[in-house]
Amino acid sequence: MGLLGMILGLALFLGVHALTTQRELRARLIASSGEGGYKIGYSLVSTLGLVLIVWGFAHYRAAGWIDVWQPPTALKHFAVALMLPAVILVVASYIRGRIYTTLKHPMLTGVKLWAAAHLLANGDLGSIILFGSFLGWAVFDRISLKHRADSGAPPIPVGGPGNDLIAVAVGLVAYLALAFAFHPVVIGVPVFGV
């Protein structure tokens, strides 16, 4: 049931996030339920999806692990290295500077790096489905942005190179927190013990 729960969670979470790319449908939903109703519904579906992803993946890891391939240790080290720019790019999507203006969508680039890094480091079926789904969604969303008039991103002011330095510093702190606290404690897998 763990893998199916995770897949259902992915369908809900990524499905509602893909909904934002469908601007006409999104506009109709906002018109029928109001902006507040739309945001509440979006948040509830996203949260339920995320809970199912976490719950399903945890149960899959505990009871139904299915190996597909065994990644070499070098790929795991490469994945650890890829995660630093991935985190910095996600931060740079909110602390906007030259990184933001150069990449236009650093959040999606960060998600793609995060997903690709985890696909390199994990060879089990659940990880392939989980991280492959996020990678596929990020590629789809980036392509859809080329055909949309608006990005749907929040109106955050864009600063200069100082914001980039702040984004790198905050990203480095977040990366270290994820590597030394979140990943080993919450996920149960040490980052630097591979």
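The legends below describe close-up views of one predicted protein model. Residues are numbered from 1 along each chain as its sequence is written, and side-chain values use heavy atoms, with hydrogens and water left out. Local features need pLDDT of at least 70, side-chain atom pairs count only at pLDDT 80 or more, and totals for chains, interfaces and linings use all residues.

**View 1. Confidence along the protein.** The mean pLDDT (the predictor's confidence in each residue, from 0 to 100) is 94 for the protein, and 97% of the residues score at least 70. Confidence is highest in helix α5 (residues 106–121), at 98, and lowest in helix α7 (residues 161–187), at a mean of 94; helices are DSSP runs of H or I with at least four residues, numbered from the N terminus.

**View 2. The ring pair of Y60 and W65.** The rings of Y60 and W65 are stacked, with 5.7 Å centre to centre and 20° between the planes, where rings of Phe, Tyr and Trp (its six-membered ring) pair if their centres lie within 6.5 Å and count as stacked if their planes are under 30 degrees apart. Y60 is buried at a relative accessible area of 3%, whereas W65 is partly exposed at 40%; buried means under 20%, exposed over 50%, and partly exposed in between, with a 1.4 Å probe and protein chains only.

**View 3. A cluster of aromatic rings.** F13, W114, F131 and F134 are linked into a cluster by ring pairs, and the whole structure holds seven aromatic pairs.

**View 4. Residues between helices α3 and α7.** The axes of helix α3 (residues 73–92) and α7 come within 8 Å. The contact (heavy atoms within 4.5 Å) involves residues including V80, M83 and L84 of α3 and A167, V168 and V170 of α7.

Conventions: Helices (H or I, at least four residues) and strands (E, at least two) are DSSP runs, numbered from the N terminus. Rings of Phe, Tyr and Trp (its six-membered ring) pair if their centres lie within 6.5 Å; planes under 30 degrees apart count as stacked, over 60 as edge-to-face and the rest as tilted. Axes are lines fitted to C-alpha atoms, for helices over the stretch in contact, and angles run from 0 to 180 degrees between N-to-C directions.
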